[in-house]
Amino acid sequence: MKKSNTAVKEITVLSIGELLVAALVVCGFAIASAFLEVNYLKVILGALIGAAVTVANFAFLTVSVNNAIDSYMEIRGTREMTEEEAEKFTAEHSMEIQNKVKTSFIVRTVSMLAVLIIAFVTGWVNPLATVIPLLAYRPVLMLGEKIRKKQDPVPNPDNFIRYGDEEDAVGEESDE
């Protein structure tokens, strides 16, 4: 349940960030309209399509990788394994996850290329307005992560688990 909530939160943060980027793109073109002829419908449509494809790709990535890991963990079960058993299990089943991740990558890449081809070839949308939200995906995620980390509470040292006489062990090491 927690993993699902985390994925939903990340997708929501990306969606909000991409909508803000799309709004900034439209504002940038509004400013540029003083110097250039701008078709606002193509700009708005391009920015929204770029943002939508970015969010859809991220959601697809999140769901496909989570499903691959869940199926791997389901096959693995909960019993304890020896090192040899774990290595053998990993060797036998890791290819499934890799194939799912590769398929996800191919689908996401093809969808982005299709959008870019439509933007550049057909003229239905403004290509620059479409590309900017596609490129803004990493900065939006990084900014969202920084904001999330600032909102996380600082760990309370009183809640830390202490093992034995840690202070004595640390003091002995530092005396040497």
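The model is predicted: local features need pLDDT of at least 70, side-chain atom pairs count only at pLDDT 80 or more, and totals for chains, interfaces and linings use all residues. Residues are numbered from 1 along each chain as its sequence is written, and side-chain values use heavy atoms, with hydrogens and water left out.

**Core**

Select Leu-14, Val-21, Val-25, Phe-29, Val-43, Ala-129 and Val-140. They have the most contacts inside the largest nonpolar core, which has 13 residues. (Such a core is a set of buried Ala, Val, Leu, Ile, Met, Phe, Trp, Tyr and Cys residues joined through side-chain atoms within 4.5 Å; buried means under 20% relative accessible area, with a 1.4 Å probe and protein chains only.) Helix H1 (2-32) and helix H2 (40-76) each supply at least two of its residues. H1 gives the largest share, 5 residues. Helices are DSSP runs of H or I, at least four residues, numbered from the N terminus.

**Start of H4**

Go to Asn-126. One of its side-chain oxygens reaches to within 3.0 Å of the backbone nitrogen of Leu-128, at the start of H4. Now colour H4 (residues 127-135): Ala-129, Thr-130, Val-131, Pro-133 and Leu-134 are buried.

**Largest pocket**

Centre on Lys-9, Val-13, Gly-144, Glu-145 and Arg-148. Of the 19 residues lining the largest pocket, these lie nearest its centre. H1 gives the most to this lining, with 11 residues.

Notes
Buried < 20%, exposed > 50% of the residue type's maximum accessible area, 1.4 Å probe, protein only. Polar contact = N/O pair within 3.5 Å; in protein donor to acceptor, adjacent residues only side chain to side chain. 1 Å grid on protein atoms, 1.4 Å probe; cavity = no way out; pocket = protein on both sides within 12 Å on 5 of 7 lines; lining within 4 Å.
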